[in-house]
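Hello,

Here is the structure you asked to look at. My notes follow below it.

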Amino acid sequence: MTDGPYDVVVVGAGPNGLAAAITMAARGLSVVLYEAADTVGGGCRTAPLTLPGFAHDVCSAAHPLAAGASFLRSLDLPSRGVVLRHPALPFAHPLDGGRAGLAHRSVEETAEGLGADGTAYRKLFGPLVAHSEQIVGEVFEGAFRRLPRHPLALSRFGLPAIASARSLAERLFTTEEARGLFGGVAAHSFLPLERRPTAAFGLILTMLAHSVGWPVVEGGSQVLADAMARILLDLGGEIVVGHQVASLAELPKARAILLDVGPSQLLRLAGDTLPASYQRSLRRFRYGPGVFKVDFALSGPVPWANEECRGAGTLHLGGAFDEIAASEADAVAGRHNDNPYVLAVQATVADPTRAPSGQHTLWTYCHVPNGSDIDMTSAIEAQVERFAPGFRDVVLAKSTRNALEYEAYDANFIGGDINGGAQTLLQTAFRPTPRWNPYTTALPGVYLCSASTPPGGGVHGMCGFNAAQVALHQQFGMRRASLELSAGPPLR
């Protein structure tokens, strides 16, 4: 443990912890950041999981939120060596018989490929993409319970977003391609597609595909985390890795403590210093399904039956909308589906540096019940083979990690939930507890800045930035200043 005192102590060096520390250090405050692992990054790390020469993202892989969120744009990460590589297609949704729903960067081109549903798709996403920057700003910076700066843009998103993915898809679309394309993205919510607000996930992630893309970071997601760490060090901050914080009492004295941890870890760190009522509130926080992940080293590209899918960075596997909905409902209900919804990222179609020349990586995971230790490798392979006959023939090696192993890897991933907690309608509005300011805790000067706070999971840094703004105002009397959307060049 380093000597104090400091102005600010941050615990946890995931993207949100790094964002909180950078925001504080940029205001001239002394900051120290503690991380239990030997490297920074949290869910934004890259490792040689299979064979020499293959680089695999351990958790996050495709980065629409890194490209679209204002905090990361403000850092001018391209000057720090962060290069985003865009695949030919942001994402695709293969169907049986070689068919597929294809999301192009252009709304118009995507709509043209959806036949009878083209007009409805164009009407839905055209206005959203036109106001994408304003919508992202409202959704990701709007957790201060303030009046919206762009109410018209927010209403264009919010009215359909409050619906369930199923109700929106069935009301607007008739083809399997359009319904599957939307359902596959909405399933990033980790919720049954019949629940609100699953439509919001499909809307905002698809909107970002058209406005900023779904890129991967050249060299792996770790490059992004390492660049953030260098920025903090250049601002005079300190980083201590390989140090597990067991209690708030062991931290150096500081005017503000920001914790990139979830409710369960806050209970462990603070113990009986928390009021009993607040402890009960934290224990009511609910976590979502876990994940089972398989990383593949491949001798060649995935032989997708639909050739255009071979240029997609991300693919959602699982067939028609109803099949995906059944898989997601099973995971939430504690059941393992034999034909799971599988997320796949073929980073090497955009970034060939991840594998030896001519070879490829494939990143896959499916949703499983929280705390599962069931091996889903065969089920995942079967879903890939279903839409890419001959896939097993190009597999050189693979690495697996179940939900419990994910929690062992990162204590924030309770039961394998990489999203920081279930994003139900209630827990999206009141995350992590029903408080006017979601980043404050019952302890003066102690703040939460993890994905368990708004706006939730993803690599965007906005939970950390938002929490730091609150702490700057409350503990240091500094004026809270929201980021301008033009704060830095987009990561494109």
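Which residue in E16 stands opposite Ile257? That residue is Val446. Please keep in mind that this is a predicted model.

Strands first. E10 (residues 254-259) pairs with E1 (residues 6-11) in the parallel sense, over five bridges. Within that pairing, Val9 has Ile257 as its bridge partner. E10 also runs parallel to E16 (residues 446-448), joined by three bridges.

Next, Gly262. This residue sits in the loop between E10 and helix H12 (263-270). Gly262 counts as buried because its relative accessibility is 4%. Beyond its neighbours within four places in sequence, Gly262 is in contact with Tyr287, Asn412, Ser450 and Ser452.

Now the charged pairs. The whole structure holds 18 salt bridges. One of them joins Arg386 and Asp96, at 2.9 Å from N to O. Arg386 lies in helix H15 (residues 377-387) and Asp96 in the loop between strands E6 and E7, so the pair ties together parts 290 residues apart in sequence. Arg386 is partly exposed at 27%, and Asp96 is partly exposed at 36%.

Lys398 and Glu381 form another salt bridge, at 2.6 Å from N to O. Lys398 is in strand E15 (residues 395-401) and Glu381 in helix H15, 17 residues apart. Lys398 is partly exposed, with a relative accessible area of 43%, whereas Glu381 is buried at 9%.

Arg335 bridges to Asp330, with the closest N and O atoms 2.8 Å apart. Here Arg335 is partly exposed at 45%, and Asp330 is buried at 15%.

Last, a network of salt bridges links Arg166, Glu170, Glu194 and Asp322.

Best wishes

Definitions and conventions:
Residues are numbered from 1 along each chain as its sequence is written. This is a predicted model: local features need pLDDT of at least 70, side-chain atom pairs count only at pLDDT 80 or more; totals for chains, interfaces and linings use all residues. Side-chain values use heavy atoms; hydrogens and water are left out. Two strands pair if DSSP finds at least two bridges between them. Helices (H or I, at least four residues) and strands (E, at least two) are DSSP runs, numbered from the N terminus. Buried means under 20% relative accessible area, exposed over 50%, partly exposed in between (1.4 Å probe, protein chains only). Contact means heavy atoms within 4.5 Å. A salt bridge is a side-chain nitrogen of Lys or Arg within 4 Å of a carboxyl oxygen of Asp or Glu.
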